[in-house]
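Take a look at the chain below.

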Amino acid sequence: MNSETLDFVIFCVSSVAERMKMSARDVYRKMSESGIISNYIIPCYDVLHTFSKQYITDDLISVMKEKGVVA
């Protein structure tokens with residue numbers, strides 16, 4: 001993972017944490033354990049990073065809900 005992708009992962013985690021009023025540590029753990037980071041955010045970086053913060057956050061929360069990571 002290069003530094004741009006790492007920065008984007010951090011952006012994603014912190015944006016979701018802020019929206020869901022959770023700690024970034026908890027969001028990172030949930031995303032990591034469910035494979036969202038390694039199987040969705042990183043492989044889709046080229047497309048995802050072109051969208052707005054709101055779209056990305058909404059999308060990631062939706063993915064987390066689909067995977068049963070959050071209610």
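How many helices and how many strands does the secondary structure of the chain come to? It has five helices and zero strands. Read from the N terminus on, the order of elements is α-α-α-α-α.

Keep in mind that this is a predicted model. Confidence comes first. Where pLDDT is low, predicted coordinates should not be read in detail. Here the mean pLDDT of the chain is 96, and 100% of its residues reach 70 or more. Among the elements, helix H3 (residues 36-41) has the highest mean pLDDT, at 98. Helix H4 (residues 45-48) has the lowest, at 96.

Now the overall shape. The C-alpha trace spans about 30 × 25 × 20 Å along its principal axes. A compact globule of 71 residues would have a radius of gyration near 11 Å, and the chain agrees because its own value is 11 Å. Buried residues make up 35% of the 71. Take the contacts between residues at least 6 apart in sequence: 61% of them join residues at least 24 apart.

Helix H1 covers residues 3-20, and helix H5 covers residues 53-66. Their axes lie 9 Å apart and the packing angle is about 75 degrees. Angles of 65 to 115 degrees count as roughly perpendicular, so H1 and H5 are roughly perpendicular to each other. H1 brings Phe8, Phe11, Cys12, Ser15, Val16, Glu18, Arg19 and Met20 to the contact. H5 brings Lys53, Gln54, Ile56, Thr57, Asp58, Leu60, Ile61 and Met64. By class, this contact has nine nonpolar, three polar and four charged residues.

Definitions and conventions:
Residues are numbered from 1 along each chain as its sequence is written. This is a predicted model: local features need pLDDT of at least 70, side-chain atom pairs count only at pLDDT 80 or more; totals for chains, interfaces and linings use all residues. Side-chain values use heavy atoms; hydrogens and water are left out. Axes are lines fitted to C-alpha atoms, for helices over the stretch in contact, and angles run from 0 to 180 degrees between N-to-C directions. Helices (H or I, at least four residues) and strands (E, at least two) are DSSP runs, numbered from the N terminus. Angles under 35 degrees count as roughly parallel, over 145 as roughly antiparallel, 65 to 115 as roughly perpendicular and the rest as oblique. Contact means heavy atoms within 4.5 Å. Ala, Val, Leu, Ile, Met, Phe, Trp, Tyr, Cys and Pro count as nonpolar, Asp, Glu, Lys and Arg as charged, and the others, Gly among them, as polar. pLDDT is the predictor's confidence in each residue, from 0 to 100. The radius of gyration is taken over C-alpha atoms; the globule rule is 2.2 Å times the number of residues to the power 0.38. Buried means under 20% relative accessible area, exposed over 50%, partly exposed in between (1.4 Å probe, protein chains only).
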